[in-house]
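Hello,

Here is the structure I promised to pass on to you. Please open it beside this email and follow along as you read.

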Amino acid sequence: MIQKIIEELRKMPKAVYILAVIVGIGGLTAIYRLYAGLGATTNLSKGYPWGIWISFDLSMVAFSGGAFTLAAIVYIFQKKEFHPAVYPTVLTGLVGYTSVLVILFMDLGRWDRFYHFVIFPNVHSALFEVSWCILLYSTVLVYELSPVFLKQPRFRGLNRIIKKMTIPMVIAGVTLSTLHQSSLGTLFIVMSNRLHPLWYSMILPVFFWMSSIGSGLAMVIGGSTVSYWVFGRSLNQKLVAKLGRYIPWILGVYLLAKIGELFATNELNLIFNSGKFSFLFILEMLIGVVAPTILFSLKSIRQNRIGSLLSATLVIIGVSLNRFNTSWWGMQPVEGYSYAPTVAEVVILAGVLSGVILAFTLVSRYFPVFEETDDNRVTPLVKDEIGAIAAD
């Protein structure tokens with residue numbers, strides 16, 4: 001047994017060990033943060049109660065939107081050809097949400113009371129709704145991914161039950177995701193005095209939800225290319241191209257809504273005369289909306305593995321810029337306060353990001369996450385399985 005473990009460890013890529021070391025350093029720093037408190041380990045203050053951790057969480061939640069988007073496409077809209085991407089995407093969503101929960105735990109001043117929202121509900125708080133939805137949706141993701149861990153014949157009966165409940169669980173997951181993706185935007189509606197008008201809007205929940213769909217699809221497209229390089233398995237590029245066709249429509253509607261909202265509130269002129277805020281806004285729109293909308297509109301780009309990856313990366317960068325702008329860079333300065341992350345904040349964040357990559361790599365290595373992508377087609381067995389789920 002020990003010999004097998006040693007042999008397996010020797011077969012591991014060197015990057016796995018590097019990631020493990022970063023996770024370890026981040027874990028030790030996290031323990032120190034919990035012991036010493038926020039004041040001793042972060043630069044958070046009354047003027048800047050949220051920093052790089054919250055901006056990261058908002059980005060990760062958006063990126064994890066591919067799980068509910070693809071599940072809806074496959075199981076609700078019956079686009080069966082995309083089924084091979086379901087398990088890798090759900091795994092991405094699960095490790096993404098896990099990282100969000102870890103960082104939220106780090107960000108709590110009274111981390112020992114993290115469970116209080118469960119037993120002391122504040123139904124008037126947007127954070128209460130977000131907390132419950134993320135907790136419940138993470139449970140749904142575990143459920144959707146469970147067939148990957150239950151492939152053995154002795155779990156055949158349990159698998160039948162899971163398959164019968166897949167459609168209701170997918171509907172629940174889509175509902176929960178819609179609620180918390182949009183409610184994250186609700187958090188900033190009460191910050192009209194701090195958030196610059198280029199990002200502040202009464203329909204921020206709609207903007208957050210729409211951008212999460214676009215970034216979720218971009219994660220599926222980008223992940224298919226990365227998995228091709230790392231695991232030697234991927235979606236057929238024709239399927240990737242089909243997914244890419246949705247993105248110009250989503251981003252196009254988002255852009256029209258964003259510009260239309262600024263026009264309706266007589267704030268369109270702020271795009272060009274707001275100093276650094278203008279620069280950040282234009283950069284976000286050009287990188288994350290305009291450029292990928294044009295690129296994904298081109299058939300030659302969608303059908304090219306590198307082209308689709310670069311276009312998807314632009315969407316991901318753009319959504320990340322939007323979340324950082326909304327929660328940090330787009331905030332009006334407060335006299336007497338400033339914020340820049342400490343080394344501890346950055347190290348903990350690096351540890352969590354490394355943990356996400358490490359967890360995805362190890363699960364994909366030892367469980368059949370990519371087994372349906374071997375021939376890059378939906379097999380008859382998978383078609384029958386989806387049909388049976390829909391029939392039930």
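**The second largest pocket**

Around the second largest pocket there are 31 lining residues, and those nearest its centre are Leu104, Leu108, Phe117, Leu127 and Ser131. Helix 4, helix 6, helix 7 (116–119) and helix 8 (126–149) each give two or more residues to this lining, with the largest share, 6 residues, coming from helix 8. (Helices are DSSP runs of H or I with at least four residues, numbered from the N terminus.) This pocket has a volume of about 850 Å³.

Some words on terms: on a 1 Å grid over the protein atoms alone, a pocket is an open set of points where a 1.4 Å probe fits, with protein on both sides within 12 Å along at least five of seven lines, and lining residues have an atom within 4 Å of a point. Points are joined across faces, edges and corners, and a volume is the space filled by probe spheres set on them.

The model is predicted: local features need pLDDT of at least 70, side-chain atom pairs count only at pLDDT 80 or more, and totals for chains, interfaces and linings use all residues. Residues are numbered from 1 along each chain as its sequence is written, and side-chain values use heavy atoms, without hydrogens and water.

**The largest pocket**

The largest pocket has a volume of about 1100 Å³. Among its 43 lining residues, Thr92, Met219, Gly223, Val226 and Phe360 are the closest to the centre. Which helix gives the most to this lining? Helix 11 does, with 9 residues.

Happy exploring!
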